[in-house]
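Work through the exercises below with the sequence and the 3D view side by side. Try each task before reading its solution.

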Amino acid sequence: MLLRHPRHARALVVLAVAGSALAAVPAATGSSPPPAHAAPPPRTASAWLPYWNQDAAFKSALRHKDQLHTVSPFWYQAKSAGRVAAHSGAGERRVVDGLHRAGIKVVPTVMETMAPGALAAVVTDPGHRATHIKELLKTVRLGAYDGLDLDYETIAPTGDAVYKKVRDGYATMVTDLCRQLHALRKQCVITVSPKTAGTGRVWDYRRLGAAADRLRVMAYNLHWAEGGPGPLSTPAWYEEILRRATAEVPRRKLEMGLPAYGWDWAVGKRDRARHVTSVEAEALRRKVGAPYRIDPASSTPHFTYKEGGTRRTVWYQDARGTAAHLPALRRYRVTNTVLWALGFEDPGLWRVLARG
């Protein structure tokens with residue numbers, strides 16, 4: 001998957017913040033909570049809930065219920081036009097009911113890992129599209145869900161010869177699906193990769209944004225597991241993403257995806273990088289005795305260490321790094337964010353998000 005944590009091993013933005021803002025965010029995890037008398041922060045965020053870390057993610061959602069308006073459990077996987085399969089723990093009533101009691105909407109994610117070309121064949125054939133929409137509507141009726149989130153990424157690298165046809169077919173499928181979800185009074189959320197000068201052309205942001213209630217842009221993995229080491233995102237990259245997105249999608253519908261994880265690369269080797277959550281990365285940094293450093297160009301924490309005879313480098317995101325990236329969102333008046341993922345995050349991140 002283009003932008004995924006190895007969801008099945010995931011079958012998944014140079015600016016400075018004012019000194020006072022950065023000073024309020026500790027370099028390490030474990031910052032103290034706000035005073036008990038403080039008013040609860042507004043519900044400003046959505047977040048994904050990974051099924052392989054369901055208990056910890058659910059507990060994180062409940063701890064931060066005053067800030068979360070929507071949680072998307074990563075529960076379903078499209079296998080073909082006529083089959084959507086459930087992941088382990090999908091539809092767990094304890095989770096759905098607990099989130100609802102906390103005032104949080106439950107909009108499960110349907111992802112896919114079809115063979116190359118298979119999803120393109122589905123979205124470009126009217127009969128296959130209709131079959132798949134029926135299967136998705138069955139899925140939303142499986143539980144007391146408030147809608148669906150589609151995270152369909154294998155079409156992202158579609159080649160020159162057919163990308164326009166695939167782009168139009170996917171936008172048509174989303175438009176039809178959203179119309180039918182709205183008829184059921186369900187939300188329609190669409191997750192896409194960033195559109196920049198060199199990426200994302202298969203997504204018709206304008207049509208998708210018109211049809212969906214929210215368009216989630218996964219603004220991470222600028223450097224990823226199968227490439228060279230570097231930051232997951234940079235403020236300059238966020239600027240490019242937001243400039244294009246806000247030109248095509250109403251700001252109120254955009255959700256900027258924020259990372260709460262990182263990658264651990266073996267320097268000089270072609271091995272796939274190891275995925276680490278933000279909490280795991282900070283724990284590893286402390287364990288190996290590496291100093292805490294923020295890369296000035298990307299405002300991203302990183303460190304290096306030795307494992308046996310191998311030099312390794314870790315780039316990840318934490319509360320302080322996120323605080324340095326949010327001014328880009330403010331400049332483009334995009335206030336909605338979505339976190340990948342619950343249970344991964346530096347606890348101090350919620351204080352940063354509360355400031356907007």
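The exercises go from the whole chain to single elements and residues of this predicted model.

**Exercise 1. The whole chain**

Task: State how many helices and strands the chain has, and what share of its residues is buried.

Solution: 
- Step 1. Count the elements: the chain has 11 helices and 15 strands.
- Step 2. Take the buried share: 56% of the 356 residues are buried.

**Exercise 2. Helix 5**

Task: Check the span of helix 5 against its number of residues. Then find its cap and its packing partners.

Solution: 
- Step 1. Helix 5 covers residues 126–140, which is 15 residues.
- Step 2. The expected span is 1.5 Å times one less than the number of residues. For helix 5 that gives 21 Å.
- Step 3. Compare with the model: the end C-alpha atoms lie 21 Å apart, so the two values agree.
- Step 4. Look at the N-terminal end. D125 caps it, with a side-chain oxygen 3.0 Å from the backbone nitrogen of G127.
- Step 5. List the buried residues: R129, H132, I133, E135, L136, L137, T139 and V140.
- Step 6. Find what they pack against. The strands are strand 2 (68–80), strand 3 (83–86), strand 5 (109–112) and strand 6 (147–151). The helices are helix 4 (118–123) and helix 6 (163–183).

**Exercise 3. An open sheet and the helix across it**

Task: Give the strand order of the sheet that holds strand 11, and name its edges.

Solution: 
- Step 1. Five strands form an open sheet in the order 11-10-14-13-12, with antiparallel pairing.
- Step 2. Strand 11 (274–277) and strand 12 (293–295) are the edges; each pairs on one side only.
- Step 3. From one strand to the next, the twist averages 35 degrees.
- Step 4. Zoom in on one pair. Strand 10 (residues 261–266) meets strand 11 over 4 antiparallel bridges, and D264 stands opposite R274.

**Exercise 4. Strand 15 and its partners**

Task: Which strands pair with strand 15, and in which sense?

Solution: 
- Step 1. Strand 1 (residues 45–50) pairs with strand 15 in the parallel sense over 3 bridges. Here A45 stands opposite T337.
- Step 2. Strand 9 (residues 254–259) also runs parallel to strand 15, joined by 4 bridges. Here L258 stands opposite L339.
- Step 3. Sort the side chains of strand 15: T337 and L339 point one way, V338 and W340 the other. All four are buried.

**Exercise 5. Two single residues**

Task: Are I155 and R214 buried or exposed? What does each touch?

Solution: 
- Step 1. Buried means under 20% relative accessible area.
- Step 2. I155 has 1% relative accessibility, so I155 counts as buried. R214 has 9%, so R214 counts as buried too.
- Step 3. I155 sits in the loop between strand 6 and helix 6; R214 lies in strand 8 (residues 214–217).
- Step 4. Beyond its sequence neighbours, I155 touches L119, A120, V166, Y170, V202 and W203. The C-alpha atoms of I155 and Y170 are 9.1 Å apart.
- Step 5. Contacts of R214 include H69, T70, Q187, K253 and E255. The R214 side chain also makes a polar contact of 3.2 Å with that of S46.

Technical notes: Residues are numbered from 1 along each chain as its sequence is written. This is a predicted model: local features need pLDDT of at least 70, side-chain atom pairs count only at pLDDT 80 or more; totals for chains, interfaces and linings use all residues. Side-chain values use heavy atoms; hydrogens and water are left out. Helices (H or I, at least four residues) and strands (E, at least two) are DSSP runs, numbered from the N terminus. Buried means under 20% relative accessible area, exposed over 50%, partly exposed in between (1.4 Å probe, protein chains only). Contact means heavy atoms within 4.5 Å. A polar contact is a pair of N or O atoms within 3.5 Å; within protein, one must be able to donate a hydrogen and the other to accept it, and residues adjacent in sequence count only if both atoms are side-chain atoms. Two strands pair if DSSP finds at least two bridges between them. Axes are lines fitted to C-alpha atoms, for helices over the stretch in contact, and angles run from 0 to 180 degrees between N-to-C directions. Lists of a residue's contacts leave out its neighbours within four places in sequence.
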